[in-house]
Amino acid sequence: MISEARPKFSKERSFQNDLQARVEERLAALGRTRHGGMRIYVKTALLVLWAGASYWGLVDWAESWWQAVPLAISLGLAFASIGFNVGHDGNHGAFSRSKAVNRAVGAMFDLLGGSSYVWRWKHNVFHHSYPNVDGLDDDIDVGALCRMSRHQPHYPYQRLQHLYMWPIYTLIIPKWFLWDDFVAVLRGRIGDHSFPRPRGGELALFVGGKLAFLILAFVGPLLFHPLPVVLLFYAIVMAVEGMTLTVVFQAAHSISETSAFSAKQTEEMAQREWAIHQVATTANFGRNSRILTWYVGGLNHQIEHHLFPRISHVHLPLLADIVQQVCREHGVPYHEHPTFWGAIVSHYVWLREMGRPPAEPVAG
């Protein structure tokens with residue numbers, strides 16, 4: 001079950017149909033399917049080796065802080081990249097032709113501490129359906145702590161949110177893993193949406209994943225190190241992972257150039273094509289950087305991902321020029337920052353702008 005009031009987009013599909021035809025033509029010309037193929041299997045192996053070596057080095061090898069701190073940072077970066085590249089594609093059904101393989105690699109989220117089941121509802125269904133729509137996209141709802149949309153209420157202390165939110169981003173992962181997932185499952189709700197609680201195998205994966213994560217994060221390291229040391233380096237790993245994940249996703253949606261809407265704007269949404277909404281609320285960054293593209297699993301090509309979430313990230317750089325051309329032909333603005341740093345600065349500007357008192361009362 002999903003929340004009762006779900007605004008509808010226009011039935012017009014001309015922009016989306018044009019995009020679909022051009023993208024299918026490009027993939028066919030290159031002889032590629034929408035799945036990742038051997039490239040993503042090799043990449044997954046490399047990322048798992050990176051994470052495994054960092055974990056072993058941190059838990060069993062490091063004997064001093066100057067050895068342990070770089071390994072903790074490396075482990076946090078490796079975990080984030082596995083999430084970007086492996087779990088993300090798997091949970092979108094884009095990793096492999098096999099549903100079983102997609103579910104298996106999607107369960108990387110569970111091994112790392114999150115819930116793939118909750119994520120698929122929160123991200124695939126709610127966020128991808130209504131990005132940047134206040135009241136429907138839980139990703140821009142952080143309560144009174146931060147104002148992420150013009151349609152959210154303003155509080156005086158939010159004048160400083162462009163400063164205090166950055167250290168808070170480092171706490172996102174423990175909150176997600178150890179609190180948010182459990183609250184969502186117990187309530188059967190994610191934000192304003194209801195969703196079916198996990199049962200059977202999904203419930204077993206939820207519980208088993210949490211237990212496996214606790215063993216890897218705490219029980220195993222406690223065999224080698226005292227509790228204060230384990231907690232300290234757990235905090236470092238999670239801070240690095242949390243900051244990395246959060247900034248990448250914020251740089252794609254919560255910036256000065258993208259649009260934001262309210263769930264109450266039902267008439268306006270009914271006049272807007274779904275694919276055009278995806279482009280209006282999303283931005284690319286640093287897409288000419290091969291290193292960045294490799295590390296973040298093509299999520300710097302966020303526009304292409306939102307338009308084609310079931311296409312593996314390994315193909316997204318090959319589609320960006322087509323999407324940009326079709327946007328130009330249909331008069332749809334295509335938001336892009338040449339560098340990752342430019343997108344981060346834009347997010348900072350957006351936080352500062354949203355922290356200022358609105359000129360008019362928020363009407364929703």
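Colleague: Is Tyr157 buried, partly exposed or exposed?

Modeller: This is a predicted model, and in it Tyr157 counts as partly exposed because its relative accessibility is 42%.

Colleague: With which residue does Tyr157 form an aromatic pair, and how are the rings arranged?

Modeller: The partner is Tyr155, and the pair is stacked, at 5.9 Å centre to centre with 10° between the planes. Tyr155 is itself partly exposed, with a relative accessible area of 33%.

Colleague: How many aromatic pairs does a search of the whole structure find?

Modeller: The search finds 19 aromatic pairs. One of them joins Tyr41 and Phe95; it is edge-to-face, with 5.2 Å centre to centre and 75° between the planes.

Colleague: Where in the chain do Tyr41 and Phe95 lie?

Modeller: They belong to distant parts of the chain, 54 residues apart. Tyr41 is in helix α2, whereas Phe95 is in the loop between α3 and α4 (99-106).

Colleague: And is Phe95 buried or exposed?

Modeller: Phe95 has 2% relative accessibility, which is under the 20% limit, so Phe95 counts as buried. Tyr41, at 37%, counts as partly exposed.

Colleague: Which residues do ring pairs link into a cluster?

Modeller: The cluster consists of Trp50, Phe84, Phe109, Trp119, Trp176, Phe177, Phe213, Phe218, Tyr234, Phe249 and Tyr295.

Colleague: Changing topic, how many residues are in the largest nonpolar core?

Modeller: That core has 43 residues, and those with the most contacts inside it are Leu58, Phe84 and Met238. Elements giving two or more residues to the core include α2 (37-61), α3 (65-91), α9 (200-222) and α10 (227-253). The largest share, 10 residues, comes from α3.

Colleague: What is Phe84 in contact with, leaving aside its neighbours within four places in sequence?

Modeller: Phe84 contacts Thr244, Leu245, Val248, Phe249, Tyr295, Val296, Gly297 and Leu299.

Colleague: Where is Val42 placed, and why does Val42 count as partly exposed?

Modeller: Val42 is located in helix α2. Val42 counts as partly exposed because its relative accessibility is 43%.

Terms used. Residues are numbered from 1 along each chain as its sequence is written. This is a predicted model: local features need pLDDT of at least 70, side-chain atom pairs count only at pLDDT 80 or more; totals for chains, interfaces and linings use all residues. Side-chain values use heavy atoms; hydrogens and water are left out. A nonpolar core is a set of buried Ala, Val, Leu, Ile, Met, Phe, Trp, Tyr and Cys residues joined through side-chain atoms within 4.5 Å. Buried means under 20% relative accessible area, exposed over 50%, partly exposed in between (1.4 Å probe, protein chains only). Helices (H or I, at least four residues) and strands (E, at least two) are DSSP runs, numbered from the N terminus. Contact means heavy atoms within 4.5 Å. Rings of Phe, Tyr and Trp (its six-membered ring) pair if their centres lie within 6.5 Å; planes under 30 degrees apart count as stacked, over 60 as edge-to-face and the rest as tilted.
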